Amino acid sequence: MNWRTIIYVVLLVSLTVAKALPRTSRDVEGKTSIGQRFSQLHENNFKAIALLMFAQYVPGGTFGRAAGMAEGVTALARSCAAAARDSPDCLRPLDKIFFDTICQEKNLPSIADCCAKEDPERNDCFLSLKNFSQGFIPALERPDAGAACRNYSQHQQPLTAHFIYEVSRKHPFLSAPTILSAAQRYEEMLRSCCGGVESPSQQLEECFQTQAPKVVKPVREDALRQEHTCGILKKFGERTLKALKLTQISQKFPKADFGTVHKLVMDVADMHKDCCRGDTLDCMRDREDILHYVCSNQRTLSSKIQQCCEKPLLQRSECLIRVENDDKPADLSPHVREFIEDKGICERFAQEKDTHLARFLYEYSRRHPEFSAQMLLRIGKGYEDLLQECCRPGAPGGCLGRGEEELRKHIYETESVMRTSCDIYNEKGDYYFQNELLMSFTKKMPQLTSAELIKFTKEMTAIGSKCCQLGQDKLLPCAEENLDLVLGEICRRHLADPINPGVCRCCSSSYAFRRPCIGKLEVDESYVPLALTPGLFAFHGDLCTTEEEKLQHRKQEMLITLLKYKPQISPEQLSSVTAAFAAMRERCCGETDPEACFLKEGPELIKRSEKMLSA
């Protein structure tokens with residue numbers, strides 16, 4: 001079988017891949033055979049999906065075992081499509097055939113317990129293995145240029161299959177379209193960079209350094225987005241996820257009526273439930289159904305999605321996620337006062353609470369594309385709290401009327417936080433803005449390692465670079481929704497290894513208020529500062545490097561250590577210590593033997609700094 005052609009065929013098929021796959025054994029028992037699936041998908045597509053699934057369900061196996069199982073299932077499908085349609089093997093549902101194939105293999109890691117179970121418990125057991133395997137396989141990295149090109153010149157055909165396998169097992173929850181699109185980009189990179197086999201290694205490295213981010217970055221971003229969404233679903237539940245999707249879909253499709261938006265919200269939430277469980281087959285089918293519905297109803301949904309719907313199906317989903325919001329209907333009133341002024345509000349709230357709140361969120365979101373989804377959820381929660389207070393017996397007259405004033409106050413506070421952050425970013429630039437964040441987050445979360453603090457604050461700084469140049473109508477959605485991804489990472493880190501009680505409260509109490517909660521955290525009073533040991537502050541010749549990025553990284557590590565040693569340090573004390581350090585560095589880096597100078601001057605600097613800090 002020619003593995004190299006698989007990706008191109010997959011990309012050309014109009015996701016009959018998903019349409020042809022069954023949803024679950026219970027749905028398709030006796031209805032559709034593997035032979036029919038094979039005929040609909042064609043051999044290359046069927047085999048690519050089989051390899052992807054075996055890699056995701058048995059991430060601790062090997063490429064040879066996964067490819068062998070894919071070959072076996074494909075051979076069965078081929079024979080069923082050709083002649084043996086009525087064979088008992090051919091009448092089994094496709095997901096059952098996949099799991100039976102895995103269970104027939106000997107010495108595969110961790111599967112014995114699952115294989116001892118009957119469906120549907122066996123299916124659930126394999127899904128739990130996916131959850132367990134995450135984090136035990138190294139992340140996808142940029143390939144070695146020389147080795148990749150040698151393999152490409154000698155083994156072009158199976159190389160793309162290896163890539164599918166590696167990405168799938170490293171990301172067992174990642175969708176098939178994302179993986180197959182990445183495989184196409186990988187093939188294009190190899191063809192571009194390895195075209196001249198005799199190219200000098202330096203040119204190969206430069207080519208890979210330029211091209212590899214186009215392959216790896218979308219995989220990481222999609223994996224992060226999916227992990228983020230699944231984290232929301234797991235921690236805050238289906239109701240919160242539906243509310244989030246309601247705001248996002250209402251903003252994207254402001255002309256759509258409530259019934260249409262509600263249908264999309266339910267479908268998208270169901271898709272995420274399947275995808276987050278790791279149900280590869282159901283996830284693919286759900287996604288395709290949503291794309292088909294959206295592109296079949298362009299006239300009633302949006303005037304901005306035609307180009308997305310004309311793209312190959314694997315590119316369509318990403319395009320729809322990124323497409324700009326449609327224009328608001330011309331006759332859409334600017335206010336939603338009927339949700340406060342109508343006399344029957346309290347009765348409707350009592351009779352159909354969730355539907356009433358959903359209608360409010362829909363109406364408010366479609367009118368305000370300039371607000372972030374998280375801010376809209378906070379507004380929705382404020383409205384719910386207002387109704388609960390004002391609709392109770394004995395509530396004072398005019399109680400509902402104060403809702404608008406509270407709303408204006410919250411909008412002003414949120415916009416002020418973002419404007420202030422952007423003012424600081426524009427004034428200080430990347431490095432010094434990140435240092436400001438480091439000082440803040442090291443005090444809030446001193447339990448994080450230096451590497452973690454630098455990573456998270458670097459991601460936040462990139463948000464400033466991306467969003468602070470935008471107009472006021474796009475600043476909030478860009479800034480808060482991207483910041484939400486970083487805070488989601490921090491909260492998942494906390495879930496794996498608790499940070500401190502303050503972070504626990506912010507990450508657990510409310511999704512919508514997570515960002516303001518973390519923003520208000522101050523110095524962690526439960527933290528025991530580092531003790532001053534001889535090796536705590538070590539000054540060496542690497543401080544004299546002329547590579548600015550390395551020097552900045554080293555300085556940031558020392559800043560974090562200082563803050564973990566003295567969390568209550570004042571700005572004036574920090575400024576004095578920083579100036580003393582800069583003077584010592586300049587003096588020692590001018591010496592012929594900087595290392596000897598640092599060895600002498602370093603302890604003196606620590607003594608002087610101790611006096612400054614104890615003053």
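A disulfide is a pair of cysteine sulfur atoms within 2.5 Å. This is a predicted model, in which local features need pLDDT of at least 70 and side-chain atom pairs count only at pLDDT 80 or more, while totals for chains, interfaces and linings use all residues. Residues are numbered from 1 along each chain as its sequence is written, and side-chain values use heavy atoms, with hydrogens and water left out.

Q: How many disulfides does a search of the whole structure find?
A: A disulfide is a covalent bond between the sulfur atoms of two cysteines. One of the pairs joins Cys114 to Cys125, S to S 2.0 Å. The search of the whole structure gives a count of 17.

Q: What is the torsion about the S-S bond in the link of Cys544 and Cys589?
A: A disulfide joins Cys544 to Cys589, with an S to S distance of 2.0 Å. Cys589 has 28% relative accessibility and therefore counts as partly exposed. The link of Cys544 and Cys589 is left-handed, at -90 degrees.

Q: Which cysteine sulfur is nearest to that of Cys504?
A: Cys588 and Cys597 form a disulfide with sulfur atoms 2.0 Å apart. Cys504 is in no disulfide, and 7.7 Å away lies the nearest cysteine sulfur, that of Cys507.

Notes. Buried < 20%, exposed > 50% of the residue type's maximum accessible area, 1.4 Å probe, protein only.
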